[in-house]
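Subject: A structure for you to look at

Hello,

Here is the structure I promised to pass on. Please open it alongside this email, and my notes follow below.

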Amino acid sequence: MRNFSFLVVVGLLLFMASCVSRKTTTVELKGKEPLPGRIIVDTAVLQQAVQEVVKDTIKPDIPLLDTSLIPIAPLLTPEERLAEQKRSGIYKQADWASAIHYDLRKPNFVIIHHTSQNSVAQTIRTFQLEHTQVSAHYVVGKDGQIVQMLNDYERAWHAGRSKWGAVTDLNSVSIGIELDNNGREPFPEQQIGALLVLLDTLKTRYNIPQLNFIGHADVAPTRKDDPNAFFPWKKLAERGFGIWYNEDYLLEPPANFNPVDALKIIGYDTSNLGAAIRAFKRKFIVNKEVDTILTSYDRAVLYDLYRKYY
Ligand SMILES: [Zn+2]
């Protein structure tokens, strides 16, 4: 009996789908001549695909025509995807009583990148392509132009797999800033000037701690090397963004100083120690070869940072 009613319902569903498949959708075009003012899109192909999926996913114990069975996520706009995500944040086993005192989570880190591309326009294009799945809040041009691509409160996809201290999802807590730079060139003064103004605004607006202005290579040392070694971290630290050491007053660390622990305390993921040391040296040991060995000078730098900030 149950099988029979199941077959009846499936038959009904297929009949409805075949009706739908004959429908067409009319799309208004804003284009000028010689483009036609209207085009007719036959939705049969789309409906056919949906039918296939519905047929594959229907099980007798699942209510039929449940729209959650149709994997429409790839067809969603970013706004629809957000709404869908918010719906999934409801814990169904709990009762609900709305709170009235709340706002949005705010960013607590800033992560600086270089684009490895050849222009701001190329970077924007990359971030707007469906398959790239990457984005950032800001892109800063060589001439100091700043382009914002996402609201500061939204989660950009810029850090990827990353770790800093105990934070394992940097995208959720950070603003991503991309500097137009091919990865091998210095950063012009105008670009850094514009960046400093932007950082100042973000630091004040969201109360971001000085120590939380970091680079992509800091949080993903096995995969990334941006911003490149030309990036002026010292200048940033002097303005209150990130850290730097007393170059003229380096002390020899005490015998019990453990440089690996110091790297960890600063935030580096030392599970691949060589990668962490390379990231540290690329950032702090200027004009020297970037390798995986901590010299006595490197240890003194590390000790000074440790004493000064932690
Ligand atoms: Zn990056």
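One definition before the rest: the expected span of a helix is 1.5 Å times one less than its number of residues. Helices here are DSSP runs of H or I with at least four residues, strands are DSSP runs of E with at least two, and both are numbered from the N terminus. With that in hand, take helix H11 (residues 296-309): its 14 residues should span 20 Å at 1.5 Å a residue, and its end C-alpha atoms are 20 Å apart, which agrees.

Two notes on the source. This is a predicted model, where local features need pLDDT of at least 70 and side-chain atom pairs count only at pLDDT 80 or more, while totals for chains, interfaces and linings use all residues. Residues are numbered from 1 along each chain as its sequence is written.

The chain as a whole

The protein chain has eleven helices and seven strands. Of its 310 residues, 24% count as buried; a residue is buried if 20 or more other C-beta atoms, placed from the backbone, lie within 10 Å of its own, exposed if 12 or fewer do, and partly exposed in between. Two residues are in contact if their C-beta atoms, placed from the backbone, lie within 7 Å. Among contacts between residues at least 6 apart in sequence, 62% join residues at least 24 apart.

The sheet

Five strands form an open sheet with mixed pairing, in the order S5-S4-S6-S3-S7. The edge strands are S5 (146-148) and S7, each of which pairs on one side only. From one strand to the next, the twist averages 25°. Two strands pair if DSSP finds at least two bridges between them.

Strand S3 (residues 109-114) is largely enclosed by the rest of the structure, because six of its six residues are buried. Phe109, Ile111 and His113 point one way from S3, whereas Val110, Ile112 and His114 point the other way. S3 runs parallel to strand S6 (residues 174-179), and six bridges join the two. His113 has Glu178 of S6 as its bridge partner, and His114 has Leu179. S3 also pairs in the parallel sense with strand S7 (residues 213-215), over three bridges; there, Ile112 stands opposite Gly215.

S6 is mostly covered too, with six of its six residues buried. Strand S4 (residues 138-140) pairs with S6 in the parallel sense over three bridges, and Tyr138 stands opposite Ile177.

Back to helix H11

Which residues of H11 are buried? They are Val301, Leu302, Asp304, Leu305 and Tyr306. What covers them includes helix H9 (259-266) and helix H10 (273-284).

H9 and H11 pack at an angle of about 45°, with their axes 10 Å apart. The contact is made by Pro259, Ala262, Ile265 and Ile266 of H9 and by Arg299, Leu302, Tyr303, Leu305 and Tyr306 of H11. Axes are lines fitted to C-alpha atoms, for helices over the stretch in contact, and angles run from 0 to 180 degrees between N-to-C directions. H9 and H11 are therefore oblique to each other: angles under 35 degrees count as roughly parallel, over 145 as roughly antiparallel, 65 to 115 as roughly perpendicular and the rest as oblique.
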